[in-house]
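Have a look at the sequence and structure first, then read on.

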Amino acid sequence: MQDQYLLVDQLNRSNHWADSIFSTMSEDEKISQLFMIAAYSNKSKKEAERIAAIVDQYQIGGIIFFHGEPGKQAELSNWYQSLSKVPMWLGMDAENGLGMRLKETISYPRQLMLGAVQDNELIYRLGKQIGKECKRLGVHVNFAPVMDVNNNPANPVINSRSFGEDRYNVANKSYAFANGMQSSGVIAVGKHFPGHGDTDTDSHVDLPILNHNRARLDSIELYPFKKVIAQGLGGIMISHLNVPALDPDQKVATLSRPIVSDLLKDELGFKGLVFTDALNMQGVRKYYDKGKVDVKALTAGNDVLLFTEDVEISLKEIKAAIEKGELSWDEINEKCKKILKAKYWLGLNNYKPVDTERLWSGLNTQEGFILRRQLAEQSITLLKNDRNLLPLKRLDTLKVASIAMGASIRNRYQEYLGRYTDIDFYQIEKDASKEHFEILKEKLDKYNLLIVSMHDTDQRPSKNFGITDQTVQLLSEISANKKVVFDLFGNPYALDRYRNLKDLDAILVSYQDSKEAQMASAQIVFGGLAAKGKLPVTVNDDFRVGAGIETIHNRLGYSLPEQVGLSTLKLNVIDSIAEDAIKQKATPGCQILIARSGKVVFNKSYGYHTYARKRPVRNPDIYDLASLTKITATLPVLMQMTDEGWIDVDANIGKYYSMAKESNKDSLILRKILAHEARLLSWKPFHWEAVDSASFKDNLFSRSYSRRYSLKLGKNLYIDRNYKFKKGILSKVKSDTYPIEVAKNLYINKNYKDTILQGILDSDYREKNGYKYSDLGFILMGEMIQERSGEPVDSYASRHFYRQLGAGTLGYHPQRRFSLNQIVPTQKDDFFRKQWIKGYVHDPTSAMLGGVAGHAGMFGNASDLAKLAQMYLQNGEYGSEMYIGSETIEKFTSRAYPDGENRRGIGFDKPFLDPTDENGPTSNLASLSSYGHTGFTGTMIWIDPDYDLVYIFLSNRICPDESNAKLMEMDVRTKIQECIYKAVRPEITPARNFSDLLVSPLDERIFN
């Protein structure tokens, strides 16, 4: 508030600099201060020279820049300023940012979209940000905000440039925007007084008539101007309107003394700067010649003549009017001094040329892009939501198609929809033939949910808002017997062009077809964002101003780090760590994902599938998760079974698994098994045990190479090349005896699974008590799950978790579900399977068990793994579905034996108890409440409730050699995790609180 009053106060008190400059000016120069002429940075050198000549000869007050590019405008600004004795003020129409006029600059949402935003703090920040960008480019005056109350859907010139039809909303947002901009040291000019919102003529081509009585004008059109004038607005632009109720004699408001002087200045008490609208517009020029219109504008009370067409003629006409007594020198002097005082407030008393170095980065800031994204996220409006369809639930029951009308290729909206579940995508041009629309309709028969989006729209009513009859017909026909979500990326008024809206199950208005709107709206469909917007205009009787259904954020969304209190700059260090690991051949490639506060903010892939560097790693690619299987398959099932009372982790395994009952493992407590405190051996090499001892002499292995021991298995490990596997175990042909696939063209005897399980049950215990990591217990857990539930762990986990989560890549046997090109290979297995392992589990025991085991066998990508991790972080809930009880989550993720030295949870790994110990599985910055797991293939998942963080690292560090330990030696996973914790920033506090200033329908105190 104070910033705005400083400007208005400055204009109405003596100023030494302004007085001293004024005293040196000639009469012509004083008049010339009132002129702002038009200039462009995309026109010819000849045109630039013409403007320079005007500046040099007449010493005009300012320039309004239009289309071009920022670098050229900066150069021209500096040149023109060098010719002016008194620094000029430079203006622009940057209603939604510099991008409205200039290439390579940011365009923010149009005001109608902003009208849907409920948090006016964001509007203040937008004004402040646009002000910063203007100032960086040397722009001092922004002809914004538009303060017109648009209550005419056919308005050809205001429409989406307005905050909407609700006077309170327009007033509040105009105040917030103007206040923010002036806090950046840029003059805000509200327009178009006395109100251009209820017109059906474009004042650029003709003169609109506003035929309302004074009471109506006071109630609607003038309302926002009263509000913001009371708060210290710096400038107001007068519109080219015919308003008979305010001046029956003068057709054009710009030239009306009763409107400009009597109403605006005297009655409403406006003490700021009054600008004409562009004086070349036909709304005023068709009635008056060049020069004469300038005189009329000054006599009406305007201070600044915008877009004067001919300075020489205007100067002569103004001087002639003074001689005739139509104008006085006192009026000219007052206006001139007012402008000089404004220039002092702008800092032009210490004028500095625009710095052209790093101009692009100064105008395209991270802060600006984040704000643009936040505005889109806050504006999307849900108008219809039958049976609370959105956010979508039970994804496993849906067969979904996305139809993008007005698109020819998959767009950002469809790409983001695809992040949540399996979707088939279609596109069709909005003016495609009837035949193409009929073909599309036939293809849609097999789906039970259609998400239809409308793109390539138009903001103008004269263009029917870009809506075609074909798209109207398609939507009407498919919604008659299908469940349909309709998303309009365009002007909300366009919604009224569609028929049978009652048949649609959900309707979203996304306002503009920007990438930010597309990303935000797709997330709202699935709950990655909450819908918060309210309709700023009335579409029809069903969808009136203020309508908007709020939803919840219940699935992972996608944001920028700063939106969740992380620093992008600090996270960028991860790139160098990952790239160095690849360069040092610690791994051929990797995926890294970071989520905080329910938002994925970092999801990158690095390197290649193998060191051959033929196929780059991409985010959809699938990795062997190795021991992450324990917490991504076995544990979620065990926790759900615990909730349902099927098992008790403090009971013994023999109670639930019949094979264990007859063994020495019968009395093992599940908690001890899951916490790796059951004295089980770490592992058993069942693939080595399958070797026929008669096929080699002496030892099977050697630590040194020789002709006999020529087959390398790992670092300093070689095997006798004469070895063979026992007969009856493996076959290259599938049959009734060998039905279980181990790898490509390799099958195992159907009875060998029992051999493996019995081998575990008969295995010796370790002599020493206490913690010792073991795969064997989790293998038994997988078998116990199948016996207890009647369903293998892969089927159970897929049905109860992955499909419902929308985590389609998670699961066993990816080669049966995905292209091999999408699956990252692990190891070149020269001993057991004698082939590259790709799409089949690396772990030999899991492979011998058919690829499905409790300790290994899971595959997936980081994106889908994050969904399961987020479910854990949200205490067992995701997408409004409760998968696991919160008490069970707490129980399993806490230390299993808090009084001992074992750091482990019930199945989950946890940080070392001593944070100074550098050998732990995680960064010592992780909280003690955090939990997760690591995997042999070079994988890691870590969840930290204290920081609301999920961290995932996937790699194939064992490609091609499983003895490659560089990933661990370089501590890559932990170093990356440490970067994440160091990137956590203190939360940014709001810049200003508007709660005491905003008005509502119950608060008329300022105006009446």
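This is a predicted model: local features need pLDDT of at least 70, side-chain atom pairs count only at pLDDT 80 or more; totals for chains, interfaces and linings use all residues.

A search of the whole structure turns up 27 aromatic pairs, and the salt bridge count comes to 46.

**Aromatic rings**

- A pair of aromatic rings is described by the distance of the centres and the angle of the planes.
- Start with Phe65 and Tyr80: their ring centres are 6.4 Å apart and their planes are at 15°, so this pair counts as stacked. The cut-off here is that planes under 30 degrees apart count as stacked.
- That pair links distant parts of the chain, with Phe65 in strand E2 (residues 62-65) and Tyr80 in helix H5 (residues 70-82), 15 residues apart. Both Phe65 and Tyr80 are buried.
- Now try Tyr723 and Phe831: the centres of their rings lie 5.0 Å apart and the planes are at 45°, so this one is tilted.
- Here, too, distant parts of the chain are linked, as Tyr723 and Phe831 are 108 residues apart. Tyr723 sits in the loop between strand E21 (717-719) and strand E22 (730-731), while Phe831 is in the loop between strand E25 (828-829) and strand E26 (835-836). Both Tyr723 and Phe831 are buried.
- Rings can also gather in groups: ring pairs link Tyr416, Tyr420, Phe526 and Tyr558 into a cluster.

**Charges over rings**

- Lys43 lies over the face of Tyr40, at 4.0 Å from the ring centre.
- Lys665 has its charged end over the ring of Tyr765, 4.8 Å from the centre of that ring.

**Salt bridges**

- Arg101 and Asp93 form a salt bridge, with their closest N and O atoms 3.3 Å apart. Are these two residues buried or exposed? Arg101 has a relative accessibility of 18%, so it counts as buried, and Asp93 is buried as well, with a relative accessible area of 11%. The reasoning is simple, because buried means under 20% relative accessible area.
- Asp303 and Lys265 have side chains that meet in a salt bridge, at 3.6 Å from N to O. Asp303 is in the loop between helix H13 (292-300) and E8, and Lys265 is in helix H11 (residues 257-267), so the pair ties together parts that are 38 residues apart in sequence. Asp303 is buried, with a relative accessible area of 2%, and Lys265 is buried, with 17%.
- Arg708 forms a salt bridge with Asp720, and the closest N and O atoms are 2.8 Å apart. This pair links distant parts of the chain: Arg708 is in the loop between strand E19 (701-702) and strand E20 (711-714), and Asp720 is in the loop between E21 and E22, 12 residues apart.

- Most residues other than glycine have a negative phi, and most peptide bonds are trans.
- Ala144 and Pro145 are joined by a cis peptide bond, with omega about 10°. You'll find Pro145 in the loop between strand E4 (141-142) and helix H8 (167-183).
- Lys191 and His192 are joined by a cis peptide bond too, with omega about 5°. His192 lies in strand E5 (residues 187-193).
- Phe307 isn't a glycine, and its phi is positive, near 65°. Look for Phe307 in the loop between strand E8 (305-306) and helix H14 (311-324). With 15% relative accessibility, Phe307 counts as buried.
- Asn745 also has a positive phi, about 60°, although it is not a glycine. Asn745 has its place in the loop between strand E23 (740-743) and strand E24 (746-748), and its relative accessibility is 48%, so it counts as partly exposed.

Definitions and conventions:
Residues are numbered from 1 along each chain as its sequence is written. Side-chain values use heavy atoms; hydrogens and water are left out. Rings of Phe, Tyr and Trp (its six-membered ring) pair if their centres lie within 6.5 Å; planes under 30 degrees apart count as stacked, over 60 as edge-to-face and the rest as tilted. Helices (H or I, at least four residues) and strands (E, at least two) are DSSP runs, numbered from the N terminus. Buried means under 20% relative accessible area, exposed over 50%, partly exposed in between (1.4 Å probe, protein chains only). A charge sits over a ring if NZ of Lys or CZ of Arg is within 6 Å of the ring centre and within 35 degrees of the ring normal. A salt bridge is a side-chain nitrogen of Lys or Arg within 4 Å of a carboxyl oxygen of Asp or Glu.
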